[in-house]
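Work through the exercises below with the sequence and the coordinates at hand. Each task is followed by a solution in steps.

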Amino acid sequence: MTDNNFLSVSDLTLLIKGVLENKFSEVIFTAEISNFKRHFSSGHLYFTLKDDKSQIPAKMWKNSAMRLPFEPKDGMKVLVHGSIDVYIPHGSYSVIVSEMEHFGLGELLVKLEKLKQKLASEGLFDADRKKPLPEFPRRIGIVTSETGAVIQDFKRVAAKRYPVLEILLFHANVQGQGSVQNVCKAIAEANKPEYDLDLIVIARGGGSIEDLWTFNEESVVRAIAESELPVVSAIGHETDTTLVDYVSDLRAPTPSAAAELILPDKVDLLERLAQIESIIKTNVTGRVQNIKAVVESFSKSYILNRTKDVINDNKVKLDEISTELLERVNMKLLNTKNVIHNYEKILNSVSPESTLRRGFAIVEKDNNIVSKANKLVKDDKVVLKFYDDTRKAVIQ
Amino acid sequence: MAKTKEDTTSFEYSFTKLQQIMESLEENSDETSLDELIKHYQEGLQLIKTCRDKLNDAELKIEKINSENSK
């Protein structure tokens with residue numbers, strides 16, 4: 001048994017390609033355009049043609065696209081002329097569009113517009129319903145798919161801007177079967193007091209209008225309207241707008257933009273802290289300097305200086321007094337000396353010596369002073385005391 | 001709203017308190033007593049430190065909630 005006995009995948013694909021492309025070499029059908037993209041350099045158009053049950057990928061080459069009388073847009077209903085093309089490497093088929101006619105707004109968008117007006121008339125989109133967002137969220141809930149890139153993007157921005165944040169992830173399928181119920185339940189769950197959240201972010205990455213359709217569903221819009229916590233929507237890219245964006249309290253163009261809008265920036269906060277620090281320091285330094293100035297001015301005041309003067313005056317006085325006292329003592333001493341000197345003089349003047357100097361002499365007999373002449377008789381031996389010396393004499 | 005009592009360990013609490021202190025300093029700087037001024041000063045610098053530490057040291061916390069809506 002060799003491979004040659006059987007068809008290969010490419011043989012089969014080639015057969016299918018032959019059958020399909022022959023059978024559907026020219027098809028005309030109505031469809032709605034979605035996921036429309038114009039290749040930026042080649043100018044070929046890539047989009048999906050769909051109705052409410054089915055969809056086919058479509059391409060329109062540049063030379064055909066140039067003849068289009070209108071600019072195709074998502075949601076447009078069109079009449080398509082084209083052929084089926086099978087792409088062998090993928091085994092996939094698509095429509096090569098040769099011509100396209102505009103059929104007016106797609107039914108989907110008409111329905112959407114009706115729903116939007118109904119909800120608006122109920123006041124669900126009113127500005128006065130919008131709840132304010134906290135300046136510094138502590139804990140937030142995010143309703144999104146746990147597997148998508150959205151939560152990673154959000155985490156990255158949040159960690160950089162405001163790392164003190166706590167995030168609770170409420171997983172919900174954000175596309176396809178069950179997504180509407182998932183999202184509604186997640187919003188209700190996040191509102192439970194036990195989670196103690198400050199706000200809810202509902203996020204989903206970019207996609208076609210069909211991919212984002214969950215966020216145009218009435219029950220999702222109502223679930224957000226009933227939320228007690230503020231809700232921030234971040235659905236798709238900047239150009240995508242869903243009804244959820246109208247009902248939410250804040251619309252962010254993308255999930256990472258949501259993180260930027262709701263979270264303060266660490267860099268700004270650190271700068272503000274530095275400013276506050278300098279204000280507090282300047283303020284207190286200023287006050288302390290004021291107090292210093294008051295103390296200084298007081299120290300220069302008259303009262304204090306008067307006291308100082310009194311003290312200084314007294315010091316001088318004390319010096320003066322002590323000097324005077326000393327002088328008086330000295331004077332007294334001097335006087336006393338003089339008195340003594342005078343007494344000495346007087347004493348000297350009354351002593352016999354001075355009399356003797358004047359030529360008198362003292363007569364002594366047997367060591368007694370002889371004061372009368374009749375006390376002496378002939379041959380008495382006497383001593384004559386002169387001022388300078390003594391002499392012996394005999395009375396005749 | 002599912003607001004519980006004020007969480008004194010949160011950044012929000014410290015930062016709000018700091019702003020209040022700063023406002024009171026700016027508004028009645030001449031009326032506050034020196035004691036109060038010094039109290040505000042010390043408290044303010046402490047709060048600045050708390051806020052800075054929180055911002056610089058915190059790591060983003062993320063928790064997955066397994067509610068019945070998880071598939």
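**Exercise 1.** Find the bridge partner of A:Leu169 in E1(B), and state in which sense E7(A) and E1(B) pair.

*Solution.* Step 1: the bridge partner of A:Leu169 in E1(B) is B:Lys64. Step 2: strand E7 of chain A and strand E1 (residues 61-65) of chain B pair in the parallel sense, over 5 bridges. Strands count as paired if DSSP finds at least two bridges between them; helices (H or I, at least four residues) and strands (E, at least two) are DSSP runs, numbered from the N terminus.

The model is predicted: local features need pLDDT of at least 70, side-chain atom pairs count only at pLDDT 80 or more, and totals for chains, interfaces and linings use all residues. Residues are numbered from 1 along each chain as its sequence is written, with chains lettered from A and ligands numbered from 1 in the order in which they are written.

**Exercise 2.** Describe the side of chain A that touches chain B.

*Solution.* Step 1: 39 residues of chain A are in contact with 36 residues of chain B (contact: C-beta atoms, placed from the backbone, within 7 Å). Step 2: the elements giving two or more residues to this side of chain A are H4 (149-161), E7 (166-171), H5 (179-190) and H9 (266-299). Step 3: H9(A) supplies the largest share, 12 residues. Step 4: by class, this side of chain A has 23 nonpolar, 5 polar and 11 charged residues. Here Ala, Val, Leu, Ile, Met, Phe, Trp, Tyr, Cys and Pro count as nonpolar, Asp, Glu, Lys and Arg as charged, and the others, Gly among them, as polar.

**Exercise 3.** How are H5(A) and H6(A) oriented to each other?

*Solution.* Step 1: the axes of H5(A) and H6(A) (residues 218-226) come within 9 Å and cross at roughly 5 degrees. Axes are lines fitted to C-alpha atoms, for helices over the stretch in contact, and angles run from 0 to 180 degrees between N-to-C directions. Step 2: H5(A) and H6(A) are therefore roughly parallel (angles under 35 degrees). Step 3: residues making the contact include A:Val183 and A:Ile187 of H5(A), and A:Val220 and A:Ala223 of H6(A). Step 4: the residues of this contact divide into 8 nonpolar, 1 polar and no charged.

**Exercise 4.** Which elements does chain B have, and in what order?

*Solution.* Step 1: chain B has 2 helices and 1 strand. Step 2: from the N terminus on, the order in chain B is α-α-β.

Definitions and conventions. Contact = placed C-beta atoms within 7 Å. Parallel < 35°, antiparallel > 145°, perpendicular 65-115°, else oblique.
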